[in-house]
Amino acid sequence: SWSAIMSAKFSLTIKRNDFPKLAPRIERAVNRAIQTSARNIKEHIAQSMASPKSGRTYRRGNRVHVASAVGEAPAIDTGNLANSIMLDFPEKGKAIIFTNVDYAPVLEFGGAKMGARPFFRPALLTEQPVLIDAVETLLKGLI
């Protein structure tokens with residue numbers, strides 16, 4: 001009955017505390033998982049840009065280019081955007097994935113004359129549960 005559970009006494013005694021030994025291992029393992037996820041996100045972005053597109057087809061010089069349609073990751077044309085995706089690991093437990101291309105936000109979120117062609121957000125959303133699962137598995141293995 002609930003009353004028996006509610007009135008039961010509970011005690012916890014820690015005879016050995018291994019957390020000081022585990023903390024550096026946990027920190028290193030989580031840092032590795034974050035770095036792996038950042039690299040996975042960058043790779044996902046590259047793959048999404050390189051995948052076939054269904055937008056407007058036009059000639060550029062001697063080649064035919066198929067642009068991305070609204071909702072698709074940007075098509076690789078000059079390679080400027082695809083080659084600009086960079087990673088930075090400024091401190092433990094932190095990864096920054098960025099581009100310095102000024103038109104990237106317009107492609108990601110859309111603009112006055114065009115719809116969004118997201119490439120960062122889908123990569124982040126794909127990798128998020130992978131990172132969470134990796135950290136949970138890691139912690140279960142260490143503790």
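Start with Ile 45: setting aside neighbours within four places in sequence, its contacts are Ile 85, Phe 119, Phe 120 and Ala 123. Keep in mind that this is a predicted model. Ile 45 also belongs to the largest nonpolar core, a set of 14 residues, where it is among those touching the most other members.

**The cores**
- Helix 2, helix 4 and helix 5 each put in at least two residues, and helix 2 gives the largest share, with 4.
- There's also a second, separate core of 5 residues, which includes Leu 22, Ala 29, Leu 138 and Leu 142.

**Helix 5**
- Helix 5 covers residues 120–142, and at 1.5 Å a residue its 23 residues should span 33 Å; the end C-alpha atoms sit 32 Å apart, so the two agree.
- There's a bend of about 30° at Glu 127, with a proline, Pro 129, following within four residues.
- Glu 127 is also one of the buried residues of this helix, together with Phe 120, Ala 123, Val 135, Leu 138 and Leu 142.
- The cover over those buried residues includes helix 2 (19–50), strand 4 (94–98) and helix 4 (104–109).

- Strand 3 (residues 86–91) pairs with strand 4 in the antiparallel sense, over 4 bridges.
- Glu 91 has Lys 94 of strand 4 as its bridge partner.

**Salt bridges**
- The structure holds 4 salt bridges.
- Lys 92 pairs with Glu 27, with the closest N and O atoms 4.0 Å apart. Lys 92 is in the loop between strand 3 and strand 4 while Glu 27 is in helix 2, so the pair ties together parts 65 residues apart in sequence.
- Lys 92 is exposed at 58% relative accessible area, whereas Glu 27 is partly exposed at 43%.
- Arg 60 pairs with Asp 77, and here the closest N and O atoms are 2.1 Å apart. Arg 60 is in strand 1 and Asp 77 in the loop between strand 2 and helix 3, 17 residues apart.
- Arg 121 of helix 5 and Glu 108 of helix 4 tie together parts 13 residues apart in sequence, with their closest N and O atoms 2.7 Å apart.
- Arg 121 is partly exposed at 34% relative accessibility, but Glu 108 is buried at 4%.
- Through shared partners, salt bridges join Arg 60, Arg 63 and Asp 77 into one network.

Technical notes: Residues are numbered from 1 along each chain as its sequence is written. This is a predicted model: local features need pLDDT of at least 70, side-chain atom pairs count only at pLDDT 80 or more; totals for chains, interfaces and linings use all residues. Side-chain values use heavy atoms; hydrogens and water are left out. The expected span of a helix is 1.5 Å times one less than its number of residues. The bend at a residue is the angle between axes fitted to the seven residues ending there and the seven starting there. Buried means under 20% relative accessible area, exposed over 50%, partly exposed in between (1.4 Å probe, protein chains only). Contact means heavy atoms within 4.5 Å. Two strands pair if DSSP finds at least two bridges between them. A nonpolar core is a set of buried Ala, Val, Leu, Ile, Met, Phe, Trp, Tyr and Cys residues joined through side-chain atoms within 4.5 Å. A salt bridge is a side-chain nitrogen of Lys or Arg within 4 Å of a carboxyl oxygen of Asp or Glu.
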